Amino acid sequence: MRPISILFLLLALAGAIISWLLLDAHHAPFATLPACGQMEPGGCGELSHSAHAVFLGLPWAAWGLWYFAFAALSSLCASLAGESWPRRVLALFLLLGPPALAVQFVLAVLMFRIGLPCGYCLSTDVLNLLMLLCCMFAWKRWRSERPELPARGFFLPVPHDTHSCPEDRSNTGNAAAADRRAVWTLLGVLFLLVGAAVFAASRMLQAQGDIWDEQRITRYWRSPAIHMDYPASDLTLGSAPDKNGQSDHPAKADIYIFTDPLCSACAFFHNTLEQYIRENGRELDVVLYEFPLDITCNPSRPKTTHPNACLATRAILAAGRLGVYREYQDRLLRSGFIRNGGFDRQAALDLAHGLADADAFAKAMDSQAVTQRLQRDIALAHEAGVKATPTLIINNRRIRGAITAEVLQRLLGGEE
């Protein structure tokens, strides 16, 4: 194998692996992507579950997997066949690469226009560009080695020896033509087989996700009902009114959520919930309570899962007391701190810039009222049996972890 063919093969394999990860994430929304974190707003997760993630009933990740897997397999087969076949496969992708790259460019522009850039998706664009450059390099090298042939010769068979007798040339040419037809036919069959395999894998992953959802719904309905009063909260979503956290009347809501501000699964469900409300036009009363997975303020935890979650919780509660919770929460979700870490006090104050007076916000964060509210929420979480975030209380029953919009619809509608 020539180095350029090896490089092309490795790039195609990398593209296939990344496409598979994105396809798996599309059907398993709570899977963790390396260096991308769990599904959360403003990243790979929100994009993979948006209306832009599917084309002709198949996720874009599946189309990418089809393209890259076919490129890798055809390159490998051509390299094993030897002779001029590696060049012909590179010539094939010199034709296929530009349209594929054009589609990826349009999708990349769309990602940035809707504010959902995905590093994994963009990396496949770069890999396809590098593959195309490999093909162009091979074409340029072939031109330098065979200057006597026209440029189209890179895509066509090399002429046979003109010094041989006509009958020999005819027999040899006929045999070579038959071999070419056989190989191109096999490549066409390989293309269809790869497509069928990708389609089947996508459907299997979807079915696996559906089975997992059914199991969670079954466990939810079999769990004992939880009857308890939920105190008023100034952390609300949907149509639930703000109570300013000081009302003595219990909160009445469709969904009670115990959450951690730096929890990526919580961020994912927050986005799912807002999307569900927006698309269904349904008014939901949603009340949130804080349960930071940080032993600094929550000593019941065996270890700290999200460093500085207590600090982030104090910032959230301060925003609630100042009446800017929803705006502050939105900024936190899209800031990158949930995915990349690094949240500190200065970050908390920076996120509040323009929403509240800096001194008032800092004072609220350090206030005794916020400390008491935090302790109250943690005690309430223990009473409700909360051990992880997010934990949802719907119809007086508990379900742990983020759920999809389809599962949420069934639980709210009382469907088993």
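Modeller: The side chains of Arg-373 and Ser-233 are joined by a polar contact of 2.8 Å. This is a predicted model. Arg-373 sits in helix H13, which covers residues 368–383. Its relative accessibility is 9%, under the 20% cut-off, so Arg-373 counts as buried. Leaving aside neighbours within four places in sequence, Arg-373 is in contact with Ser-233, Asp-234 and Leu-235, and also with Leu-288, Tyr-289 and Leu-317.

Now to a loop. Leu-293 lies between strand S5 (285–290) and helix H8 (309–321). Leu-293 counts as buried because its relative accessibility is 6%. With neighbours within four places in sequence left aside, its contacts include Asp-260, Arg-301, Lys-303, His-306, Ala-309 and Thr-389. Lys-387 is 94 residues from Leu-293 in sequence, yet their C-alpha atoms are 9.2 Å apart in space.

Next, the nonpolar packing. The largest nonpolar core has 65 residues. Those touching the most other members are Tyr-230, Ile-255, Phe-258, Leu-273, Tyr-328, Phe-343 and Leu-411. Helix H8 gives the most to this core, with eight residues. Apart from this core lies another, of 43 residues, including Ala-62, Leu-65, Ala-108 and Leu-132.

How values were computed
Residues are numbered from 1 along each chain as its sequence is written. This is a predicted model: local features need pLDDT of at least 70, side-chain atom pairs count only at pLDDT 80 or more; totals for chains, interfaces and linings use all residues. Side-chain values use heavy atoms; hydrogens and water are left out. Helices (H or I, at least four residues) and strands (E, at least two) are DSSP runs, numbered from the N terminus. Buried means under 20% relative accessible area, exposed over 50%, partly exposed in between (1.4 Å probe, protein chains only). A polar contact is a pair of N or O atoms within 3.5 Å; within protein, one must be able to donate a hydrogen and the other to accept it, and residues adjacent in sequence count only if both atoms are side-chain atoms. Contact means heavy atoms within 4.5 Å. A nonpolar core is a set of buried Ala, Val, Leu, Ile, Met, Phe, Trp, Tyr and Cys residues joined through side-chain atoms within 4.5 Å.
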